[in-house]
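Trainee: I would like to learn how to read a model like this one. Can we take it feature by feature?

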Amino acid sequence: MESPVPYCAEYLTEDDDEEMQQENGGDGDDDDHNNNDDDTDDNDDDDDNDIRILIGREITAVRLNDQEVEVLVNDNWNQEIRTHAIRYIRRTGRQFRMSRRTIYRAVMYLDRFLAHRILDNGRFWAVRLLAVACLSLSARMDEREYDVPLSDYPVGAYNINVNDIRRMEILVLIEFNWDMNCVTPFDFRIFFISRFCRDVTRIDITRMTTGVIIMSVLRDLRITNHRPSVIAAAATLVAVNRDFTIQELEIEINALPINGFLQIAGVSYCYNRMLELNI
């Protein structure tokens, strides 16, 4: 795809320049101020049958393998792409009052695409175009957010039009074989809060804190490439108690009504990594 405008420093907006100087994707508590009712991120019915269906979906979902993750993590240009794209997706998602599930899913699309497609170094217009396409496709998966016209997505100083966005959307769809369904950690949040948070007076704060943690880990691809249920479990456990030992984590996981779908090693890794990131 040819660039709508050649890249050079003068085409970077003030926001773009700020993004380059900040950490991957983390805006902290801002995610609780996206003007959405927090309940819209959760499933109303969290019975065991629904959880089993979600588990089946996440097991068959496409995820990056370890080698693909390491390539993205260790490549400076790909990390810069993620920084730019994630900050755009989060900021624009809040602007359009999209749910955090939609924003998170857009970043999942971004990482899947980057694992198999290379964007030429320095082409920030292509980064912005990919970010717009991932967010618009994710929003289209949610009926409540389907009506945002492509022309309304901000493109900054880049000469990007609706036809450019449509072409990038098609490129993403083809790359994914038109399979855009995916499970996010938000799909499991009510389930784990109902099991791990035993203090009914803290359920609301635990739900909000878990949501902030889930959004904050977008900066860390080694966490986000774990199964969504693992991320949701670890985030909820951090929200409940930041001082669990490995033995106590194992007790919490083994007490779940559905046995065997969470591996203690994955939950423990994500739990401790979240603490290391000071989330």
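**Reading burial, cavities and salt bridges**

Mentor: Begin with burial in α11: Pro228, Ser229, Val230, Ile231, Ala232, Ala233, Ala234, Ala235, Thr236, Leu237, Val238 and Ala239 are buried there. Keep in mind that this is a predicted model.

Trainee: How many of the residues of α11 are buried, and what follows for the helix?

Mentor: The cut-off for buried is under 20% relative accessible area. In α11, 12 of the 13 residues are buried, so the helix is largely enclosed by the rest of the structure.

Trainee: What span should α11 have, and what are its end C-alpha atoms apart?

Mentor: Take 1.5 Å a residue. The 13 residues of α11 should then span 18 Å. The C-alpha atoms at its ends are 18 Å apart, which agrees.

Trainee: How far is Ala232 from Phe191, by C-alpha atoms?

Mentor: Sequence separation and spatial separation are read side by side. Phe191 and Ala232 are 41 residues apart along the chain, and their C-alpha atoms are separated by 9.3 Å. Ala232 is one of the buried residues of α11. Phe191 sits in helix α8, residues 189–196.

Trainee: Is Phe191 buried or exposed?

Mentor: Phe191 counts as buried, at 1% relative accessibility.

Trainee: Which residues are closest to the centre of the largest cavity?

Mentor: There are 18 lining residues, and Val62, Arg63, Met108, Thr224 and Asn225 are the closest to the centre. Then ask which elements contribute. Two or more lining residues come from each of α5, α10 (221–224) and α11 (228–240). The largest share, 5 residues, is from α5.

Trainee: What is the make-up of that lining by class?

Mentor: The lining of the largest cavity has 11 nonpolar, 3 polar and 4 charged residues.

Trainee: On to salt bridges. How many does a search of the whole structure find?

Mentor: The search finds 12 salt bridges. Start with Glu175 and Arg117, whose closest N and O atoms are 3.0 Å apart. Glu175 lies in helix α7 (residues 162–175) and Arg117 in the loop between α5 (100–114) and α6 (124–140), so the pair ties together parts that are 58 residues apart in sequence. Glu175 is partly exposed at 23% relative accessible area, and Arg117 is partly exposed at 34%.

Trainee: What separates Arg167 and Asp164 in helix α7?

Mentor: Arg167 and Asp164 are 3 residues apart in helix α7, about one helical turn. Their side chains meet in a salt bridge at 2.5 Å, N to O. Asp164 is buried, with a relative accessible area of 8%, whereas Arg167 is partly exposed at 47%.

Trainee: Which residues do salt bridges that share partners join into one network?

Mentor: Asp220, Arg273 and Glu276 are joined into one network in that way.

Trainee: What is the N to O distance for Asp120 and Arg123?

Mentor: The salt bridge between the side chains of Asp120 and Arg123 has an N to O distance of 3.9 Å. The cut-off is within 4 Å. Asp120 is partly exposed at 44% relative accessible area, and Arg123 is partly exposed at 28%.

Note on methods: Residues numbered from 1 in each chain as written. Predicted model: local features only at pLDDT ≥ 70, side-chain atom pairs only at ≥ 80, totals over all residues. Heavy atoms only, no water. Helix = DSSP H or I, 4+ residues; strand = E, 2+ residues; numbered from the N terminus. Buried < 20%, exposed > 50% of the residue type's maximum accessible area, 1.4 Å probe, protein only. 1 Å grid on protein atoms, 1.4 Å probe; cavity = no way out; pocket = protein on both sides within 12 Å on 5 of 7 lines; lining within 4 Å. Nonpolar A, V, L, I, M, F, W, Y, C, P; charged D, E, K, R; others polar. Expected span 1.5 Å × (residues − 1).
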